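Visitor: I would like to learn how to read a few features of a structure. Please take them in turn.

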Amino acid sequence: MFEYCNDPRALEGLQWLSCYLTTATHFSFYWSFVTVLLLLLVTAPLALAFGFAGAASARSHFLPLSWLGRIYIAGVRGVPDIVFFLFFVIALDQGLEWFKHLFVCEDLSQPVWSNGEFRVCPAAKVPLGNASPFMVTAYSFALAVTTFAIVFGAFAANVLYGAMNAVPRAQLETAEAYGMSQSQVFRRVLVPQMWIYALPGLSNLWIILIKSTPLLFLLGIKDAVYWARELGSAKTSGNNPYPHGDWRLFYFLALLVFYLMATRLSEIGLGKITRRLSRGQATRSGEEMRKAGGQA
Amino acid sequence: MSCWETIQAYAFRSLGYGERLLPKEGFDLCQQFTLIGSGLIWNIYFGTLALFFGFFLANAVALAKASRHAVLRKPAEWYIFLFRGSPLFIQFFLAYELLVLLPKAGIEIFGLHIETSWTTRAWAGALLTLFLNTAAYSAEIFYGALKTIPRGDLEAADAYGLSGWAKFRRIEWPTMLRLGWPAYTNEAIFLFHATTLVYFSGFPAFAQKGDALYYANYFADKTFNPFVPYPIVAFYFVLLTLAVTGLYGVVNRYLNRHLPSNQRQRIRLRPNLIR
């Protein structure tokens, strides 16, 4: 990156470090943090949508739909999440290819799963064999996002389901007394009021989501963990311009600091939002704020 | 190979007994159930020991965090923040890299020779990490419980002339445990779930001796069919969760035995997935 970096062997001290930290592979490392943040930004609303759908269907008066929502919520609890992470990535991939297989392939006589292999015709591959590297990356990223959204959606559904039940019954009855239909009550009264009850659970979930992003590594994404292992491992072969010993410890320390900062900043931010939302609410913290003299 | 033979060959494969090679063909349900169940031994080992040792450290750290002296309080706060604020996955990697740095030949302290090579093995290194991790989470639970002891109980203790150690041992500590127990039950359940991360992080599995998820992953890779092995893991973990809930429920009833039935703490499974 810098002019003087052309001959790394002649450099020493800080200058060497400045060159070392700006190599192309290091930029991939820095970029992977952006990937993590991108994943968070895409997954959080998607998981919330899954959660909302799950909670709404669990409350439904139509029994099969209600069961579906309950099974979704209960199914993800009680089982280690990493099992789901490993499971969904393959299951979604195979599911897509199998579905496509039914429509695109001409020869459907062969079984798809046989002899320990999963075989569909080339046209049914997702992504196609000749897809660009960008498409392959985007596809695996999309799979990871969907997996995260399904797993976290169940937890969000649980939080939202609890929040919907926490809205005072009298509010809903009043709305019914005004002649609103079920869906109007849901849309105009229940949903706007549930957020303050859902906030503690959702903020907890957000922090858990941040802390689960290293699992991207297990889903085959070249994330921060992958690069920390790659860059940190001992580089002693002759043609490496920046030889060094086993530095993985330092890279993982950097990751640790990154995650500690991310969770700390989130805690502070979420604390502010909670205070903001509690102002004027008939809850204990709102009451305490009022007594303290109205400053929030 | 009949199912009975499979069980004989693989029931203790995760500990290194029985057949040396993992199954290469067949992959029937019996094989999968046996081998994944064999791996579950490691999950139970990690979970039980980490919980047992973590309980004592958690009590000490919770008390330190509640202390009036900054010398005790600050380190406890930092310890809890460090382990609760960062992903367990990263902690595993970091612990492994730290343990690798120990001198290979062993350490000499006061003429005593201490071997260090065993610390990088999963059974020791991962256990240490899980122990420190669960101690931090449990300490926060116990600290919270310590802060919510009803004022009336403490005043009653004062009125009876209890103070210092006697007050702590007879009033504060039992009440803290009682109040924190439902949350602590959840912590125990999710610690067992967290044990599945061990062989997917820094710690390598020697001679293919791994945990339940390690073998499930092996089968999923071999058969390219995730729909059998992962549900088996899920099945085993649901059983494990039920067992933990039952066991902790017994303790919970014991802690609440003096209360009228409508004031007792109930255990509810709450989501708190990844650490």
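Visitor: How far apart are the end C-alpha atoms over residues 138–161 of chain A?

Guide: Helices here are DSSP runs of H or I with at least four residues, strands are runs of E with at least two, and both are numbered from the N terminus. In this predicted model, local features need pLDDT of at least 70, side-chain atom pairs count only at pLDDT 80 or more, and totals for chains, interfaces and linings use all residues. Residues are numbered from 1 along each chain as its sequence is written, chains are lettered from A and ligands numbered from 1 in the order in which they are written, and side-chain values use heavy atoms, with hydrogens and water left out. Over residues 138–161 of chain A the end C-alpha atoms are 33 Å apart, and the chain there is 100% helix and 0% strand. Residues 249–270 of chain A are also 100% helix and 0% strand, with end C-alpha atoms 31 Å apart.

Visitor: What does the UniProt record say about chain A?

Guide: Such annotations may be inferred rather than shown by experiment; their positions follow the numbering used here, and feature names are shortened. The unreviewed UniProt entry gives "transmembrane region" for residues 30–55, 67–92, 138–161, 189–209 and 249–270 of chain A.

Visitor: How is the size of an interface given?

Guide: It is often given as the accessible area lost when the parts come together. Buried area is that loss, taken with a 1.4 Å probe and summed over both parts. Between chain A and chain B it is about 3,800 Å², and carbon and sulfur atoms give 79% of it. Counting by contact (heavy atoms within 4.5 Å), chain A supplies 42 residues and chain B 39 residues.

Visitor: Is Gly54(B) buried or exposed?

Guide: Buried means under 20% relative accessible area, exposed over 50%, and partly exposed in between, using a 1.4 Å probe and protein chains only. Gly54(B) has a relative accessible area of 1%, so Gly54(B) is buried. Gly54(B) sits in helix α2 (residues 29–65) of chain B. Apart from neighbours within four places in sequence, Gly54(B) is in contact with Leu49(B), Phe131(B), Thr134(B) and Ala135(B).

Conventions
Buried area = accessible area lost by both parts, 1.4 Å probe.
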